[in-house]
Amino acid sequence: MAKVSDTIPEGLQPEVDAAINWFNKQQDNAFEVTGIVDAEHSLASTGSKELRLVLCGGDTCQQKSFNVSIAGEGFDVSLAVKKAVQGEVQPELDPPPGARNPWLDSVINKHKFVILVFYRGFW
């Protein structure tokens, strides 16, 4: 089972910063990293690292996987491509605690009420 943490290990911070900066250059809304999936696996990798990050921005949170490798003075970043197994359902990860707090605060100020729908395991 995947382990989601809302704390980025210090040893991965430069790679995480490079990944989110690269991702945000391609987006209309700015996203922020609110969690990491299986950080221990990424820390144990040498050379190119696969980072599975939970990103929140605008009205959405999503999990994206990145390949990050050292390139000269910086990093090469790309989206990781997962090979799908036929018949396999892609599991969704719950966002870490607090990932939606700023979003909820901003939405409550715009509307008389907000309805939150939770379905276990999907968001």
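Analyst: Happy to. One term before we start: a residue counts as exposed when its relative accessible area is over 50%, and as buried when that area is under 20%. Also keep in mind that this is a predicted model.

User: Good to know. Then is Pro102 buried or exposed?

Analyst: Pro102 is exposed, because its relative accessibility is 52% and the cut-off is over 50%. Pro102 lies in helix H3, residues 101-108.

User: Let's zoom out. How many helices and strands does the chain have?

Analyst: There are 3 helices and 5 strands. Starting at the N terminus, the elements follow the order β-α-β-α-β-β-β-α. The chain has 123 residues, and 27% of them count as buried.

User: And how do the strands pair up, parallel or antiparallel?

Analyst: The pairing is antiparallel, and the 5 strands make an open sheet ordered S1-S2-S3-S4-S5. S1 and S5 are the edge strands, each with pairing on one side only.

User: How many bridges join S3 to S4?

Analyst: S3 and S4 are joined by 9 bridges. Along that pairing, Arg52 stands opposite Ser65 in S4, and Gly57 faces Thr60 in S4. The hairpin of S3 and S4 has 2 residues between the strands, and Gly58 there adopts a positive phi near 60°.

User: What about S4 and S5, how many bridges do they have?

Analyst: They pair over 6 bridges, in the antiparallel sense. Phe66 stands opposite Leu79 in S5. This hairpin also has 2 residues between its strands, with Gly72 in the turn at a positive phi of about 60°.

User: Switching to the inside. Which residues have the most contacts in the largest nonpolar core?

Analyst: Those are Leu12, Ala19, Ile36, Leu51, Leu53, Leu55 and Phe66, in a core of 16 residues. H1 (13-24), S3 and S4 (60-71) each give two or more residues to this core. The largest share is that of H1, with 5 residues. As general background, nonpolar side chains tend to be buried together in soluble globular proteins.

User: Take Leu55 from that list. What does it touch?

Analyst: Leaving out residues up to four places away in sequence, Leu55 has contacts that include Ile20, Phe23, Phe31, Val33, Cys61 and Phe66.

User: H1 keeps coming up. Which of its residues are buried?

Analyst: In H1 the buried residues are Glu15, Val16, Ala18, Ala19, Ile20 and Phe23. They pack against S2, S3, S4 and S5 (74-79).

User: And how far apart are the end C-alpha atoms of H1?

Analyst: They are 16 Å apart, which agrees with the 16 Å that its 12 residues should span at 1.5 Å a residue.

User: Last topic: how many salt bridges does the structure hold?

Analyst: It holds 2 salt bridges. In one of them, the side chains of Lys3 and Glu40 meet at 3.6 Å, N to O. That pair links distant parts of the chain, as Lys3 sits in the segment before S1 (4-5) and Glu40 in H2 (residues 39-44), 37 residues apart. Lys3 is partly exposed at 48% relative accessibility, and Glu40 is partly exposed at 46%.

User: And which residue forms a salt bridge with Arg52?

Analyst: Asp38 does, and the closest N and O atoms are 3.3 Å apart. This pair also links distant parts of the chain: Asp38 is in the loop between S2 (32-37) and H2, while Arg52 is in S3 (residues 49-57), 14 residues apart. Arg52 is partly exposed, with a relative accessible area of 26%.

User: Great, thanks for the tour!

Key: Residues are numbered from 1 along each chain as its sequence is written. This is a predicted model: local features need pLDDT of at least 70, side-chain atom pairs count only at pLDDT 80 or more; totals for chains, interfaces and linings use all residues. Side-chain values use heavy atoms; hydrogens and water are left out. A salt bridge is a side-chain nitrogen of Lys or Arg within 4 Å of a carboxyl oxygen of Asp or Glu. Helices (H or I, at least four residues) and strands (E, at least two) are DSSP runs, numbered from the N terminus. Buried means under 20% relative accessible area, exposed over 50%, partly exposed in between (1.4 Å probe, protein chains only). A nonpolar core is a set of buried Ala, Val, Leu, Ile, Met, Phe, Trp, Tyr and Cys residues joined through side-chain atoms within 4.5 Å. Contact means heavy atoms within 4.5 Å. The expected span of a helix is 1.5 Å times one less than its number of residues. Two strands pair if DSSP finds at least two bridges between them.
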